[in-house]
Amino acid sequence: MDIPSLSIGRVREGLLSRRFSAAELAAEALGYAQAENPKTNAYLHFSPERALAAAKRVDEQIARGEELGPLAGVPVAVKDVILTEGVRTTCGSKLLADYIPPYDATAVIRLERAGGVIVGKTNCDEFAMGSSTENSAFGPVRNPVALDRVPGGSSGGSAAVVAQGTAVVALGSDTGGSIRQPASFCGVVGVTPTYGRVSRYGLTAFASSLDHIGPFSRSVKDAATLLGVIAGRDPHDSTSADAPVPDYTALLDGNVKGLKLGLPREYLKDLMSETGDLISRGVKTLESLGCEVREISLPSTDYAIACYYIICTAEASSNLARYDGVRYTFRSEASDTLSDMYRNTRGEGFGAECKRRIMLGTYVLSSGYYDAYYLKAQKVRAIVARDFANAFEEVDAILAPVSPFPAFKLGEKVDDPLAMYLSDIYTITGSLAGIPCMSVPCGTTAGGLPVGMQILTRHFDETTMFRLADAFERAGLPA
Amino acid sequence: MAGLANLKLTDAEVVRFQADLDGILEHIGKLNEIDTSNIAPMAQVLYEAEETATLRADVPAPPLGNQAALANAAQPGAGYFKVPIVIER
């Protein structure tokens with residue numbers, strides 16, 4: 001079995017034609033993943049019992065002649081900020097190194113109910129904070145395309161396993177670009193659905209108004225399949241939307257002629273040459289398919305980073321307050337008082353990036369500063385969202401880069417947090433507006449580094465987004 | 001700031017973070033350039049329905065349970081989370 005060449009469709013075809021059983025595939029996929037993982041450190045831990053139990057259920061369905069779920073037998077990886085009952089979930093943090101969740105995230109329940117086989121949990125930046133996966137307490141992940149480089153972050157592990165072939169699809173989380181950027185860096189498809197499209201129940205909270213769960217895959221069709229499985233209203237998450245979930249794969253008809261696409265002028269002005277060239281070629285491909293491309297404006301772009309980093313750190317400081325040594329495993333030794341215990345536990349347990357963001361968030365919410373920072377940022381957020389709404393009066397979708405540059409070298413950017421934040425410019429805007437956005441591979445640089453192109457559409461219009469991405473994928477880049 | 005956030009920092013960390021945060025806060029100050037006098041703050045990204053539309057019926061459901069809830073406690077005991085002394089006798 002050629003594990004890295006599998007797709008959801010090939011797994012299904014193999015099972016239905018009895019070329020292999022789900023149990024055989026699961027065992028082989030696990031073995032392959034375990035053997036290959038040391039190269040990248042993408043997986044943090046494997047879940048063989050869970051995988052084999054899931055595979056057994058699929059084989060029993062086949063034996064009974066029952067209809068198989070959309071993900072039947074498919075080896076899936078799950079980012080370690082998403083809870084899996086009975087399977088260690090660390091969020092990339094020393095604070096949760098021994099944490100065994102007592103319940104499953106809704107997205108996990110749904111993917112298993114659809115026949116998915118969870119191979120293991122993937123490495124990520126601590127509590128999903130970061131853009132390189134270098135903030136993990138368990139060592140960074142190496143980009144499988146170039147092992148001396150980062151895979152991006154914070155879902156670096158999930159992007160890497162899909163690129164490496166040690167999973168067919170993976171779940172990641174995206175708050176400010178944490179699915180799209182690693183997808184771009186690793187050369188795979190990464191989707192951030194509309195906010196509220198997928199339940200956040202069981203996703204360890206980072207910034208509650210910005211967090212999303214979304215799929216990674218090697219093809220647009222597989223991402224659409226996985227999203228269709230996990231999406232939909234969940235009574236456990238009151239921010240999950242009641243909007244119906246279309247059959248995304250059925251609507252991949254390649255018919256994009258006449259769609260109006262916008263290129264934001266504010267995004268294109270400072271773009272580095274190789275990335276800029278590849279994005280231009282991507283745009284030309286879509287034009288050749290009959291799309292109409294025009295320049296649009298998103299005037300609030302300059303303020304988006306400041307806005308995002310106020311809101312997300314404020315929400316993070318609140319969400320991470322719970323890690324205090326009482327309920328969630330890790331506690332600092334020998335503290336005399338409760339206050340000391342809180343401070344020592346958090347001081348010892350959190351990495352630098354988490355600490356930075358918690359302090360920033362606490363500051364912007366503190367009395368005397370709340371109006372100047374947090375309230376102001378919420379107003380700017382309304383302006384960012386309005387800019388997109390205005391743009392979507394003129395166009396059906398927006399095209400953009402994902403990152404100003406491709407995968408950088410490990411260690412290259414750890415000393416300049418502000419520079420790292422500024423590189424999120426193309427992805428945080430979509431998150432602020434809550435619109436669906438995805439990264440689709442758009443070629444490689446001369447040095448062989450992948451570059452992704454971003455497609456953004458209106459709220460709950462993943463259908464158009466997937467249709468464009470799928471048509472683009474099939475057409476390839478002009479020579 | 002560390003005190004407010006209940007974080008104990010080493011001396012080296014204080015120096016490093018001070019520099020980092022100064023830079024970040026300076027960038028964030030940019031927001032003062034933009035006029036937001038007539039804008040309502042956006043607390044929630046999507047809210048077409050009324051406030052109570054997403055609430056479920058007020059019907060009790062089985063809870064997580066004491067044992068499961070304490071399974072990851074740093075120091076459980078007698079059905080509780082144990083912590084250092086809060087009030088001196």
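Visitor: What separates the centres of domain 1 of chain A and domain 2 of chain A?

Guide: Taken over C-alpha atoms, 28 Å separate the two centres. Domain 1 of chain A covers 1-296 + 380-479 and domain 2 covers 304-372, with bounds that come from an automatic or database domain assignment. This is a predicted model, where local features need pLDDT of at least 70, side-chain atom pairs count only at pLDDT 80 or more, and totals for chains, interfaces and linings use all residues. Residues are numbered from 1 along each chain as its sequence is written, and chains are lettered from A and ligands numbered from 1 in the order in which they are written.

Visitor: How many residues does the contact take from domain 1 of chain A and from domain 2 of chain A?

Guide: Domain 1 of chain A gives 32 residues and domain 2 of chain A gives 22, a contact being two residues whose C-beta atoms, placed from the backbone, lie within 7 Å. On the domain 1 side, helix 15 of chain A gives the most, with 4 residues.

Visitor: Which residues of helix 10 of chain A make the contact?

Guide: Thr301(A), Ala304(A), Ile305(A), Cys307(A) and Tyr308(A) do, facing Ile425(A), Ile428(A), Thr429(A) and Leu432(A) of helix 15 of chain A.

Definitions and conventions: Helix = DSSP H or I, 4+ residues; strand = E, 2+ residues; numbered from the N terminus.
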